[in-house]
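Please work through each task before reading its solution.

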Amino acid sequence: MLRLCTGRFRANGLSHHQLTRNLYFTKFSLSPRNFSQLKADTVEKSKETFASAVRPTIRNQVLFFLLGSTSLFLYSAWTTNIETASVLGTLQNQSSVWQVQSISNVDLRRFQQMELVKDLRATYKYLNTQATEIPQLIRPYLNAAYVALLQPYADASEGRRLCWKICMLNTGIWLMWQFQRLKPMMNRAFVHQPLSGLSFTLLSNIFSHSSLMHLAFNCLALEGFGSFSWIHTLTTLAGSAATTYLRQAQDKNAPAQLESTNSYHFLAFYLSAGVFAGLVSHIATARFQYPKLIAQLSSPASRPPVTDTWSSAVAAASTTAKSVTTASSTTATIPGSLGASGAVYSCVTLVALAYPEAQVSLIFPPVTPISIQTAVLGMVTVDLLGAYRRWRFFDHWAHLGGAAFGALYYYYGPSLWSQTRAAL
């Protein structure tokens, strides 16, 4: 066919080179209007392709929460049973006075406290024997530093000691954020990006805080009260109020269920609450924020203008370039999420339902104490408004997910925990 056409044009006095050039310009030469329309169609198709290819899923994340949380609670209940049996056996072997029927959870916790103090004293004695080469002038200061550091640790409740360990882990990950070389890895492994398709970051981001203020708020709340970052308790609850409630819930079981430690119980609750809060934020992004972003990018206002002349095309390109910078600040984005606020929110909701008589106040500025339930209701209201208005300063969906998990666990968690331990 091409040879026939070539022969026909050659018969009319056209060379092969002239024929090729004419075919090229006949097929590909477009007017400015047609070129702009072709560009708009191409952009529209690319948006549709991007929306279908990068659409965030929720199935893997939901399965990660269900399987991970179930495995975590099963392992925690199994480990609690083993440690309780070990402590119970040790206690009975040390004295024939103790009988299984007469031992209570209070006795087990007192025995655990005595063993902790004994271990700390043994460590102190060992360090003194290893410090013989240290100048005699410095030894008293080292001994005083050891006592000043470990005496509060020995006097603290089990729940508070666990909260301190979590805060130390948070601080270590915050220090990793301060190294510029590590930031690409930190963004991949310790920030949950809904469009990444990863699920394990729902867990790792609980311990990740990129700013010192964020870290200080969450650690202060977790260590002091197990509540939200800006409030603190004015009551005399021992240690973390959330762990106190979980322990008291076990003591109320009938018949009594011995439990030497509730650290595994609280850790399972804390991690599951953080993952659930992140999951709620992920679902809200996948089902609400992402479709709105695609709709905004596909709106007629974002399409390139159709032009009729080359001069108007150049002017439109200049206008579009100038508007990109202005529009970029208002274009919707899908930021990543990190921090323990969702897990801490679960703690404060749990405590608000368990201790409605507790009072809280702002650390700064100081205000008159108010009921903790009033404070939680106010924070939930702010987060509902923030989720509706799409405020970006906090992850309001994660806060709401944490509050929901804390409320559900207050009503159903302790009984499920007891049934799981009994089944194992």
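**Exercise 1.** Determine which residues of α15 are buried and how they are arranged about the helix axis.

*Solution.* Step 1: I372, A375, V376, M379, D383, G386 and A387 are the buried residues of α15, where buried means under 20% relative accessible area and exposed over 50%, with partly exposed in between (1.4 Å probe, protein chains only). Step 2: viewed down the axis of α15, these buried residues fall within an arc of 105 degrees, so they line one face of the helix; the arc is taken from the directions between the helix axis and the C-beta atoms. Step 3: on the other side of α15, L377, Y388 and R389 are exposed.

The model is predicted: local features need pLDDT of at least 70, side-chain atom pairs count only at pLDDT 80 or more, and totals for chains, interfaces and linings use all residues. Residues are numbered from 1 along each chain as its sequence is written, and side-chain values use heavy atoms, with hydrogens and water left out.

**Exercise 2.** Describe how the axes of α4 and α5 cross, and identify the residues that meet.

*Solution.* Step 1: the axes of α4 (residues 59-94) and α5 (residues 105-130) come within 11 Å and cross at roughly 80 degrees. Step 2: α4 is therefore roughly perpendicular to α5 (65 to 115 degrees). Step 3: E83, T84, V87, L88, T90, L91 and Q94 of α4 meet L108, F111, Q112 and E115 of α5, contact meaning heavy atoms within 4.5 Å.

**Exercise 3.** State how many residues of α14 are buried.

*Solution.* Helix α14 spans residues 341-354, and 13 of its 14 residues are buried.

Conventions: Helices (H or I, at least four residues) and strands (E, at least two) are DSSP runs, numbered from the N terminus. Axes are lines fitted to C-alpha atoms, for helices over the stretch in contact, and angles run from 0 to 180 degrees between N-to-C directions. Angles under 35 degrees count as roughly parallel, over 145 as roughly antiparallel, 65 to 115 as roughly perpendicular and the rest as oblique. The expected span of a helix is 1.5 Å times one less than its number of residues.
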